[in-house]
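This report describes a structure with attention to its core, its chains and selected residues. The sequence and the coordinates are shown first.

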Amino acid sequence: MTVAPARSGTESGRSVPPPRVDPPSWRHRLGRWDTRYTPYLAIAPFFVVFGIFGLYPLLYTAWVSLHDWQLVDGAQGFVGLENFRELFTDPHFWNALGNTVSLFVLSTVPQLLAALALAALLDRGLRGRAFWRAGVLLPNVISVAAVALVFAQLFGRDFGIVNGVLGVFGIDPVDWRAETWASHLAISSMVMWRWTGYNALIYLAAMQSVPKDMYESAMLDGASRWRVFWSITVPSIRPTILFTVIVSTIGGMQLFVEPQLFDPGGTATGTGGADRQFQTLVMYLYEKGFRLFDAGYSSAIAWVLFMLILLVALLNFTLTRRIASKG
Amino acid sequence: MAYAMLVIVLVASIFPLYYSFLIASKDNSALGDAVPSLIPGGNLFENLGRVFDTVDFWLAMQNSLIVAGTVAVSNVVLGTLAGFAFARLRFPGSNSLFLVVVGTSMVPTQLGVIPLYMLMSDLDWYGTLQAVVVPALIGAFSVFWMRQACEESVPFELVEAARVDGCSVLRTFWHVAFPAVRPQAAVMGMFTFMTAWNDFFWPLIVLDPNDSPTVQVALSTLASGYYTDYSLMLSGASLAVLPVVGIFLLLARQIVGGIMQGAVKG
């Protein structure tokens, strides 16, 4: 909220001083109505669209999850928490949960650290600022689907360039799709490629609003650049770091397209590799809901994931705040 | 030293794109080389031709254009209108309502995909473009971005003067506010266009890959063959990426500015 004169542009400007006491004309009443209600009409489309296509489906998921519900044939009866009971004993669910957490940690932690470093680099008053910034943002505007296909090739077992380069150093080719850890590394690298630059720009924006004299006095005291970075820059942009951590959590826990398209041959089944070694929760939700048409079960997955995201976001919130305030 | 590191980052940013184009220009048999050559081959047009033979890529392009274009225009109009209301009109609850708008961007609506799908089939919208367009007509990000733009570029006095002269709220919006934020609205529109063009998850679910694909859905069709044909896949990927890279090269400075500004105020 910036400078905003209170109560301006209202009807009071017109009717002062009141010359006679007439009943207000219809024009005047229309004007009052306009001033009072049109602002709400102006913001209504957002709330209508979000309500119908965002909030309602999300909440209705909870209701569906309490039923035996087939995607095409509809509800087959109320079953209470049966879907959840089944879910918690489903090894595929726990597998997908483990993969989701692993992929989330592997892609988010190095990504945000790299973004911090990159932002610090960009903050050093270089020439060609606009050029570097654009270059860093470029990966973020490329569609995930295209990125996934390119990376599927880069990490190919037989002809992929990553194995080619490893081979030059005498390292045996890695089967990036078959091994759990290898597939997680490859998929995380995709996420990192797309989002590091974006987050770096967010950090950069925050860094530029840190008062310069804080740096100067620290430099005068003989603090090293490294020390200045950790004890001045990072604490100063704490709210921004918190923001990116939470946004990355919400996005990372819902990872879908990158792993889904990582295995081109298996895209149709959506199992994330022959042994489900890189199937995430949203992929499992997709498989159950749109391949096996079990809407009730799929909704139970969605609701559990929703709770999980809330939990992790809250956890991140408290943790990041504590760590950052120590720094 | 800083420049050297930035150059490395830049190469890493660009390399996968170049590589995609590289593979697209080669015969599949050239992929067997132990250390792949970084010089393009001569098969680009042949591979592109195969893309159009395998899937109806023209239709996909046309659909993506309709979807992304409509979504962009609608976000510009509705986003600017809402942004103007939040920035320049006083009404009870405006601050808390704006916080709600910002908060909604954190709601993982993707998880409501099952009921959303059922809603679309009740409406008989499965496989139609409006199933993709309507939910995206106005997003929190556009409202946020345009509120910022109005705060910056629409003078309060001008709004007030128009209102005193008897201009209705909507006329004031259209004749005073909108012209003042046209440049920002254009950038926001292009950004929305790119986002809509790139969208994958929801179109994959609600569109018919054979009947009404968008470009991204067509890409996944190219990838889902039993035998993975990388030249074919990456020719399609290169095509799909082209419009977005074009827009980005034109507007990079403004898009970077918009993102960084949003970060500070947010």
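Which residues in the largest nonpolar core touch the most other members? In this predicted model, they are A:Ala146, A:Ala148, A:Leu149, A:Ile301 and B:Leu219, out of 160 residues in that core. The element that gives the most to this core is helix H3 (residues 57-88) of chain B, with 15 residues.

**Helix H5 of chain A**

Leaving aside residues up to four places away in sequence, A:Ala146 touches B:Leu219, B:Ala237, B:Ala240 and B:Val241. A:Ala146 is one of the buried residues of H5(A), as are A:Ala148 and A:Leu149. Also buried in H5(A) are, among others, A:Val144, A:Phe151, A:Gln153 and A:Leu154. Helix H5 (residues 144-154) of chain A is largely enclosed by the rest of the structure, because eleven of its eleven residues are buried.

**The contact between the chains**

The contact takes 84 residues from chain A and 82 residues from chain B. On the side of chain A that touches chain B, helix H1 (residues 26-64) of chain A provides the largest share, 18 residues. By class, this side of chain A comprises 57 nonpolar, 22 polar and five charged residues.

**The two chains**

The table lists the corresponding values for each chain.

| Property | Chain A | Chain B |
|---|---|---|
| Helices and strands | 13 helices, two strands | 13 helices, zero strands |
| Residues in the chain | 327 residues | 266 residues |
| Share of residues buried | 41% | 47% |

Read along its sequence, chain B follows the pattern α-α-α-α-α-α-α-α-α-α-α-α-α. Taken along the principal axes, the C-alpha atoms of chain B fill a box of roughly 75 × 60 × 30 Å.

**The strands of chain A**

Strand S1 (residues 67-70) of chain A pairs with S2(A) in the antiparallel sense, over three bridges. A hairpin of three residues joins S1(A) to S2(A). Within this pairing, A:Trp69 has A:Ala75 in S2(A) as its bridge partner. Is strand S2 of chain A largely enclosed or in the open? Strand S2 (residues 74-78) of chain A lies largely in the open, because the number of buried residues among its five is zero.

**Helix H1 of chain B**

Helix H1 (residues 2-24) of chain B has 23 residues, and at 1.5 Å a residue it should span 33 Å. The end C-alpha atoms of this helix are 34 Å apart, which agrees with that expectation. H1(B) also has a kink of about 35 degrees at B:Ile14, shortly before the proline B:Pro16. B:Pro16 is one of the buried residues of H1(B), which also include B:Leu6, B:Val9, B:Ser13 and B:Ser20. Towards the end of the list of buried residues in H1(B) come B:Leu22, B:Ile23 and B:Ala24.

**Loop residues**

Which loop holds A:Asp263? A:Asp263 is in the loop between H11 and H12 of chain A. Because 25 other C-beta atoms lie within 10 Å of A:Asp263, this residue is buried, the threshold being 20 or more. Apart from residues up to four places away in sequence, A:Asp263 touches A:Arg177 and A:Gly273. The C-alpha atoms of A:Asp263 and A:Trp226 are separated by 41 Å, with the two residues 37 apart along the chain.

A:Arg276 is found in the loop between helix H11 (257-262) and helix H12 (281-291) of chain A. A:Arg276 counts as partly exposed because it has 19 C-beta neighbours inside 10 Å.

The backbone of A:Arg276 also deserves mention. Most residues other than glycine have a negative phi. A:Arg276 is not a glycine, yet it has a positive phi of about 55 degrees. B:Asp124, likewise not a glycine, has a positive phi of about 65 degrees.

B:Asp124 is found in the loop between helix H5 (113-122) and helix H6 (130-133) of chain B. Is B:Asp124 buried or exposed? B:Asp124 is exposed, because 9 other C-beta atoms lie within 10 Å of its own, and 12 or fewer count as exposed.

Methods:
Residues numbered from 1 in each chain as written. Chains lettered and ligands numbered in written order. Predicted model: local features only at pLDDT ≥ 70, side-chain atom pairs only at ≥ 80, totals over all residues. Contact = placed C-beta atoms within 7 Å. Helix = DSSP H or I, 4+ residues; strand = E, 2+ residues; numbered from the N terminus. Nonpolar A, V, L, I, M, F, W, Y, C, P; charged D, E, K, R; others polar. Core = buried A, V, L, I, M, F, W, Y, C linked by C-beta atoms within 7 Å. Pairing = 2+ DSSP bridges. Expected span 1.5 Å × (residues − 1). Bend = angle between axes of the 7 residues up to and from the residue.
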